[in-house]
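This report looks at a helix and its surroundings, and at some backbone features in loops. Please keep the sequence and the structure in view while reading.

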Amino acid sequence: MKIIGNKWDEVLNDEFNKPYFLETLNKVNSEYSKYKVYPPQHCVFNAFSYTDFDDVKVVILGQDPYHQPGQAHGLCFSVMPGVIPPPSLKNIFAEIENDLNIKPANNGCLVSWARQGVLLLNTVLTVREGQPQSHKNIGWITFTDAVIKKLSDEKKGLVFLLWGRNAIDKRSLIDEKKHYILTAPHPSPLSAYAGFFGCKHFSKCNEILVKNGQKPIDWSIPNR
């Protein structure tokens, strides 16, 4: 089944044909027909579209998409150009500035990271407007758990940045003998001061990549 249009279709073909996934797609289609759902339907699989399987070097996990108009576009933590970065993203940019002395850009679009091999994956891919975690039990978590397991099983040397309990709970899906895991509290205003600020994950991630002979990530964001 062709869902994404790149190698992910081959890697996830078995998953795409499982009954639960087909049921999830049916439920999601129904939700889009009845409610305002984010991200726009053509953006649901953007994390996979922007970062092909063979190109993944780093994985950042989010929960579910932003649930206010115009924000979500299928990449965790990212917002469309012209949208004011939400508090968690502002805190991510603050930590990057503290860690690498990179000034925040005039937008919060993280496509440039995705194109360098950073898979920006929400564990739930859709949400009703104004109702966070409203699609938590729709079937997406089974799917994204399978994605994380595929990455762990079929690749090596990935750097997983796990922020907050929801992301850290996915640690059990990752083979730590083959991959690197950096954990910290979530960058939300409620927990950023509990250890996200000062975690230096962005420089640490690049140190790991360089040590393994890979190109580091340019964590700066182009102005738009």
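Q133 is partly exposed, with a relative accessible area of 38%, where partly exposed lies between buried (under 20% relative accessible area) and exposed (over 50%), computed with a 1.4 Å probe on protein chains only. This is a predicted model, in which local features need pLDDT of at least 70, side-chain atom pairs count only at pLDDT 80 or more, and totals for chains, interfaces and linings use all residues. Residues are numbered from 1 along each chain as its sequence is written, and side-chain values use heavy atoms, with hydrogens and water left out.

Helices (H or I, at least four residues) and strands (E, at least two) are DSSP runs, numbered from the N terminus.

In the loop between β1 (37-38) and α4 (46-50) lies P39, and the peptide bond that joins Y38 to P39 is cis, with omega near -5 degrees.

In helix α3, the buried residues are Y20, F21, T24, L25, V28, E31 and Y32. Seen down the axis of α3, these fall within an arc of 140 degrees (taken from the directions from the helix axis to the C-beta atoms), so they line one face of the helix. The face turned away from the buried side of α3 carries the exposed residues P19, N26, S33 and K34.
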